[in-house]
Amino acid sequence: MKKLRILVAFILPCIAAIPAGAQPEKPAVTIAVGGKASLYYLPLSIAERLGYFADEGLKVEILDFAGGAKSLQAMMGGSADVVSGGFDHVLVMRARGQKLKAFVLQIATPAISLGVAKKHAATFRSPKDLKGMKIGVTAPGSSTHAFVNHLLASAGLTSDDVSIIGVGSGPGAAAAMQAGHLDAIANIEPTITLLENSGTIQVMVETVTVQGAKAVFGSPLPAGSLYTREEYVMANPKTVQALTNAMVRALRWLNAASAEDVAKTVPPEYLLGDRGLYLSALRRMRESYSKDGLFPPTGVEAQLKVLIGFEPAVREAKNLNPADSFTNEFVLKALEKYR
């Protein structure tokens with residue numbers, strides 16, 4: 001009986017400390033992602049591996065797809081609640097009448113690179129030289145595909161001037177390039193570093209660094225984010241807040257952690273059998289990760305201008321307000337919680 005009184009005395013203050021109504025409306029959340037093992041989605045993996053979702057009262061299931069377009073399809077089809085993917089999808093879908101909203105930023109630059117096969121490297125001078133090439137992307141309609149479309153448009157070319165082939169990311173994408181099935185590839189880390197280190201490609205365009213993103217787009221565009229349907233945000237604000245809390249906490253950990261800390265945290269298979277290569281790719285990616293999870297409004301406006309250049313739906317959309325495509329409300333609250 002004495003032990004019971006001690007236990008009750010310990011538990012009651014803990015229960016009282018939990019803010020009233022703080023529990024998520026929907027504790028079980030499914031997140032769709034296009035290439036979970038890639039460094040582009042590292043903040044998501046960190047939040048999962050370090051138990052940050054569980055700490056917020058969430059049971060998160062992560063569904064992995066070949067690319068961002070596939071994960072978007074999963075959410076639109078109802079098999080996922082939220083997408084971890086490129087922010088450009090939110091603007092494109094809003095232009096098509098689908099009210100999506102992003103609520104926490106993971107990647108603050110596009111973080112995509114274009115590599116060409118070594119046999120083409122000596123004669124490649126500009127995106128004009130992509131004409132006639134077979135170009136690998138993670139999936140048709142993905143952010144890597146949009147990146148290629150922007151490069152083509154900047155050179156006066158169209159998608160009809162090239163062949164786009166979906167190859168995913170990671171070992172599958174690397175194998176397609178190494179087998180000679182592609183002339184060029186637009187992909188993310190660590191796939192690009194793997195192919196570069198093996199002598200398969202030479203990187204011609206990169207948007208991983210702020211400098212590289214400015215050279216290609218004129219601005220370090222917001223990229224990887226968590227987004228969902230607007231009605232989901234409105235119906236489940238506590239769930240969205242819990243997801244945001246976990247992601248902001250993961251970003252803070254990631255920006256303070258060493259490369260070795262990260263390598264010890266992710267699953268062994270993420271290292272692709274080469275720890276040194278993974279660490280090299282991670283160091284290359286460091287500049288891309290958002291420091292605080294906030295969307296920069298000027299970057300969102302710049303993203304819209306880029307999409308207008310090659311995306312008909314965005315160009316023809318009426319009353320497409322970029323401010324409606326994101327919210328910083330949840331991140332600001334998370335930053336208060338995790339100072």
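The model is predicted, so to speak a computed one: local features need pLDDT of at least 70, side-chain atom pairs count only at pLDDT 80 or more, and totals for chains, interfaces and linings use all residues. Numbering runs from 1 along each chain as its sequence is written, and side-chain values use heavy atoms, without hydrogens and water.

Now select 82–86 and 224–229. These are strands S3 and S10, antiparallel over four bridges. Strands pair if DSSP finds at least two bridges between them. Helices (H or I, at least four residues) and strands (E, at least two) are DSSP runs, numbered from the N terminus.

Next, select residues 237–256. This is helix H12, which packs on the sheet and touches S1 (28–33), S2, S3, S4 and S10. Contact means heavy atoms within 4.5 Å. H12 makes about 35° with the direction of S4. Axes are lines fitted to C-alpha atoms, for helices over the stretch in contact; angles run from 0 to 180 degrees between N-to-C directions.

Helix H5 lies across S3, S4 and S10, at about 165° to S4.

Show the whole sheet. It is open and mixed, with five strands in the order S2-S1-S3-S10-S4. Its edges are S2 (59–64) and S4 (100–105).

Last stop: Leu 114. Among its contacts beyond four places in sequence are Phe 124, Leu 130, Phe 147 and Met 204.
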